[in-house]
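This briefing covers the strands, sheets and nonpolar cores of one protein model. Look through the sequence and the 3D view before reading on.

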Amino acid sequence: MQLTLRFAVNKQNLNMRLTIFIFLLPFILQAKEKEKQLFQATRVEDSPKIDGILTDPVWNKQAPNMSFIQFAPNNGAPSTFQTQVQIVYTDQAIYVAARLHDPEPHLIQKEFGQRDDFNRNTDWFAFMIDPYQSGINAFTFFVSAAGVQGDYFVTVGDFDQSWDAVWNSAIKIDEQGWTVEMMIPYFAIRFPNQKEQNWGLNFYRNIKRKQEESYWNHVDNGIDGVVNQQGTLQGISDIKPPLRLSLSPYVTGIFNHDGYSGKGEFSWAGGLDLKYGLNESYTLDMTLIPDFSQVQSDNIVYNISPFEVQFNENRQFFTEGTDLFNKSGLFYSRRVGQSFRSIDATLYNNNKEEVIETPTAANLVNATKLSGRDKNGFGVGLFNAISQETHALIRNKETGEISRRRFDPLTNFNVFVIDQNLKNNSNINFTNTNVTRGSGGKDANVSGLSLTLRDKTNTYQLYTFGAYNIIFNSRENKYRKEEGFKYVIDLAKISGKWQYGILQNVESDTYNPLDLGFLQAPNEITHRAFIRYSILKPIGKINNSNTGINVSHQYLYNPRTYTSFRVNVNHYTQLKNFWGVGANFGFNPSRDYDYFESRTRGRYFRQPESFNFNFFVESDNRKALAGNAYTGRWRRPTWNQNFRWWGAYLRWRINNKVSTDLEVNYEAGDSRGFVNNQPSNLEYILFGLRTMQNTTNIYGFNITFNRNMGLRLRIRHNWTTIRYENYFKLEANGDLSKFDFDDTHPETGKPKRFDTNFNAINLDLVYFWQIAPGSFVNFVWKDAIQSFTNNTDVPYFNNLGDAVREPHVNSVSLRITYFLDYLTIKNRLKKG
């Protein structure tokens, strides 16, 4: 729960926070650090054959059993089955062998899936290393009982599954359970250039049919973090960081068909991804002439809010190895390649011309990342990308002549990060983002500094952050400088059964990180507090449970005026049968003053008290048929407003290679808000009472032929209808007065011109085949439909049929990517 304190931004309040922290510090420092286990690696001359059969001479047939400790469901209890692990190494790689005992090998779960798909019903074994013993970052390599690989780079509070290394593994199921062999080449990881190596280490095992997760070095679920609870790997010496140089050239053939024009076009693209290790710590990543034609389609929605919709980043170059760049929250990678300009008077003459087409994206020329961290915990990140000019099409109303006019100038994007790890998983970070545009554009610069301080038991944390932006705008031959700032102070207890904290977030009305960042709206001061109690070990019929309360109080930075006060209560319980149930309840006990819905600075929309509740249930995901469901309601009694929602997700695992899933989400009700697309020449702000309905259905089908080949289908349909019942004027005091507004369309004469029926349908069919380590053949078919009408009185399936008959935009592409590693080629040439 977050409990809010209402205190002003002044020196006295800051001193209060520091006094609390200093008061707690002596008690914090009295705690003892948990003892770590030690593991010994052995040097060998001959590398083992990676086949999952542990008969090579390097493996000890009498390796001792190891006592893994449960993380879940019974944290701290011994693992049900014994595990044996061995580590050997050569000058080129580190090798791991594991014997995972299981008295019922025929019950071992082994569902196939795509790489990094950790949601499959399968047993897992993982090897986690922190070569710099930072307690913050680690490389993790997974192998499932089906032989499928997974890997991710771990940072504090984040598991980056987009990080993909090239390594080898194999498994074997026998009468004793199953075995794993892994070969991790040194070029896949980073480690210090020193004679003796001492690495952070942990092993992980998941026995899926028992929903049991365990670690070799105990990971206490009452302590925040996983990497900081590792053991130590010893015995590795006299290895050298190799030259890390790899190339991934690709070629793509693409056929696009536009259903609106009826035209089809074939094109091809070629490019290159390059990785080069500047030294043992820092890596240069480059993508030359990138092509994102096979990226998964966005989840398009019809947005009637005053805020921008934030989309997920699906482009691999912008998701892999970007932990340093994302740490401060100032970098929103979707800005790179985005058309940023809006239509204004500098683009065209409204009296004589009309805009018939504007770009939605700008092609990238290249993108580069340099990132890494040395043995002293000093991290550096540098990101750069350049996008091409874009052009709009303008038609002369009198002559009909169409001309191209520059829309976005050549644009350069930069992110620079310095990050230093401190003791006790503490950290200090500086991030700068910069966007420089050619003539006719604006330049933007944002700098942020954060400091995280933790005690050595990771129980208490003080987090502070401050950012400053400056924008230079020279459009219309006028020079204008805009400046703004933000800061956050957060003090919390982050471990244990009881957790609590207080936070203050301040954003000036001129704070604007949007050129390379994301922010829904600035101009706020938020005070927030929470308290949460957790049951961390099984008790009675409960595996684990938590209950929390959050309280927040907000007001504007300029002018200093109250906006809202909210209370939320949430609860979740997992039962012994691994079903989960939860609920949350929230209410606004006083009026809200919304300064954003009106889209006009200084005007606010006053709304009465409201409350909401939500319930959900989830089934045991080990079963062939599993899923979850939820339902909830929001209500504003004074206006008799209601909004309700429900949804369900169902997954059917047909066998270990085939599965299908369906997700259904529905919400409907009435609300009062700003009328989108209202005439700009109105002398008042038009609001409306609207009945809204939104349905989002997602269907998926997955078939995995083997661990290197599969097919995935995803179909998503979003349907939104909005029907206006009454209209209002927004008065100066924030109230609404009923208004008889004629909503007939001035050109067509049709009524209900603001009513909306919107459909977005996307189909993504992906065939993937890993032809060699790091090398792939991908075939992708993408089909997109969008429709927009004013007819809201249509049943679901009739509407779906109408939408499907709208023009389609299709893309079919085939890409071949081949991984070339310098050391592998060099060794093969030596042997050949």
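How many bridges join E20 to strand E23 (residues 411–421)? There are 10 bridges between E20 and E23, and the two strands run antiparallel. The model is predicted, and the points below are grouped by topic.

- Strand E20 (residues 378–387) is largely enclosed by the rest of the structure, because 7 of its 10 residues are buried.

**An open sheet of 3 strands**

- Strands E18, E21 and E22 form an open sheet in the order E18-E21-E22, with antiparallel pairing.
- Strand E18 (353–357) and strand E22 (402–406) stand at the edges with a single partner strand each, so one side of each has no neighbour in the sheet.
- Neighbouring strands of this sheet are turned against each other by 40 degrees on average, direction ignored.
- Strand E21 (residues 391–396) is joined to E22 by 5 bridges, and Ala392 stands opposite Arg405 in E22.

**An open sheet of 5 strands**

- The order here is E2-E4-E5-E11-E10, and the pairing is mixed.
- Strand E2 (42–43) and strand E10 (168–174) are the edge strands; each has a single partner strand, so one side of each is left without a neighbour in the sheet.
- Strand E5 (residues 93–101) and strand E11 (residues 177–185) run antiparallel and are joined by 9 bridges.
- Within E11, Ile184 is the bridge partner of Ile94.

**Nonpolar cores**

- The largest nonpolar core has 38 residues, and Ile87, Ile94, Phe125, Phe127, Phe141, Met182 and Phe203 have the most contacts inside it.
- At least two residues of this core come from each of several strands, including E5, E11, strand E4 (83–89) and strand E12 (196–207).
- Leaving aside its neighbours within four places in sequence, Ile87 is in contact with residues including Phe39, Ile94, Phe127, Phe203 and Leu233.
- A second, separate core has 15 residues, among them Phe325, Val336, Ala385 and Leu516.

Notes: Residues numbered from 1 in each chain as written. Predicted model: local features only at pLDDT ≥ 70, side-chain atom pairs only at ≥ 80, totals over all residues. Heavy atoms only, no water. Pairing = 2+ DSSP bridges. Helix = DSSP H or I, 4+ residues; strand = E, 2+ residues; numbered from the N terminus. Axes fitted to C-alpha atoms, helices over the stretch in contact; angles between N-to-C directions. Buried < 20%, exposed > 50% of the residue type's maximum accessible area, 1.4 Å probe, protein only. Core = buried A, V, L, I, M, F, W, Y, C linked by side-chain atoms within 4.5 Å. Contact = heavy atoms within 4.5 Å.
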